Amino acid sequence: SAGGIFERMKLEHPELAASERPPEDLFSISHFKEDPTDFLTRMKHMYADLDPVKPTPTHNFLRLLADKGALLRVYTQNI
């Protein structure tokens with residue numbers, strides 16, 4: 001998707017884009033076992049991007065329910 005992780009990765013790390021490996025390999029366990037450097041470097045940058053992110057009112061409400069013992073489970077959809 002536009003502005004998504006793989007598109008940003010190609011812009012920020014042209015050496016990965018030039019690689020013969022598909023960008024999804026960054027998240028494969030076999031690639032990680034072979035060389036964790038790519039994954040760890042990318043996660044470092046992703047974590048830095050998340051620094052200004054704050055929980056939404058929905059996150060806070062779910063936390064309140066969990067703290068009160070009133071939350072059995074949460075189902076999410078990765079979109």
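Predicted model: local features only at pLDDT ≥ 70, side-chain atom pairs only at ≥ 80, totals over all residues.
User: What pattern does the protein chain follow along the sequence?
Analyst: Helices (H or I, at least four residues) and strands (E, at least two) are DSSP runs here, numbered from the N terminus. The protein chain has five helices and zero strands. Read in order, that gives α-α-α-α-α.

User: What share of the residues counts as buried?
Analyst: Buried means under 20% relative accessible area, exposed over 50%, and partly exposed in between, using a 1.4 Å probe and protein chains only. The protein chain exposes about 6800 Å², with carbon and sulfur atoms supplying 59% of that area; accessible areas come from the Shrake-Rupley method with a 1.4 Å probe, and for residues only the protein chains shown count as cover. Of the 79 residues, the buried share is 8%.

User: Is His31 buried or exposed?
Analyst: His31 sits in helix H3, which spans residues 29–34. Leaving out residues up to four places away in sequence, His31 touches Arg21, Asp25, Leu26, Pro36 and Asp38, where a contact means heavy atoms within 4.5 Å. At 7% relative accessibility, His31 counts as buried.

User: Among contacts between residues at least 6 apart in sequence, what percentage joins residues at least 24 apart?
Analyst: The figure covers contacts in the protein chain. For residues at least 24 apart, the share is 26%.

User: Which residue forms a salt bridge with Asp67?
Analyst: The structure holds one salt bridge, meaning a side-chain nitrogen of Lys or Arg within 4 Å of a carboxyl oxygen of Asp or Glu. The closest N and O atoms are 3.0 Å apart, and both partners are exposed. They are four residues apart in helix H5 (residues 57–67), so about one helical turn separates them. Asp67's partner is Arg63.

User: How do Phe27 and Phe39 pair up, and which parts does the pair tie together?
Analyst: The whole structure has two aromatic pairs. Phe27 and Phe39 form an edge-to-face pair, 6.1 Å centre to centre with 85 degrees between the planes; rings of Phe, Tyr and Trp (its six-membered ring) pair if their centres lie within 6.5 Å, and planes under 30 degrees apart count as stacked, over 60 as edge-to-face and the rest as tilted. The pair ties together parts that are 12 residues apart in sequence, because Phe27 lies in the loop between helix H2 (14–17) and H3, and Phe39 in helix H4 (residues 37–50).

User: Which residues do the ring pairs link into a cluster?
Analyst: Phe27 is partly exposed at 39% relative accessibility, and Phe39 is partly exposed at 22%. Phe32 and Phe39 have ring centres 5.5 Å apart and planes at 90 degrees, so that pair is edge-to-face. Phe32 lies in helix H3 and is partly exposed at 31%. The cluster is Phe27, Phe32 and Phe39.

User: What is the area of the nonpolar surface patch made by Ile29, Phe32 and Leu40?
Analyst: Patches are made of residues with over 30% relative accessible area and no salt bridge, with like charges joined within 9 Å and nonpolar side chains (Val, Leu, Ile, Met, Phe, Trp, Tyr) within 5 Å. The patch made by Ile29, Phe32 and Leu40 covers about 280 Å².

User: How far apart in space are Glu24 and Phe6?
Analyst: Glu24 lies in the loop between H2 and H3 and counts as partly exposed, at 46% relative accessibility. Glu24 and Phe6 are 18 residues apart in sequence. C-alpha to C-alpha, their distance is 7.9 Å.

Methods:
Residues numbered from 1 in each chain as written. Heavy atoms only, no water.
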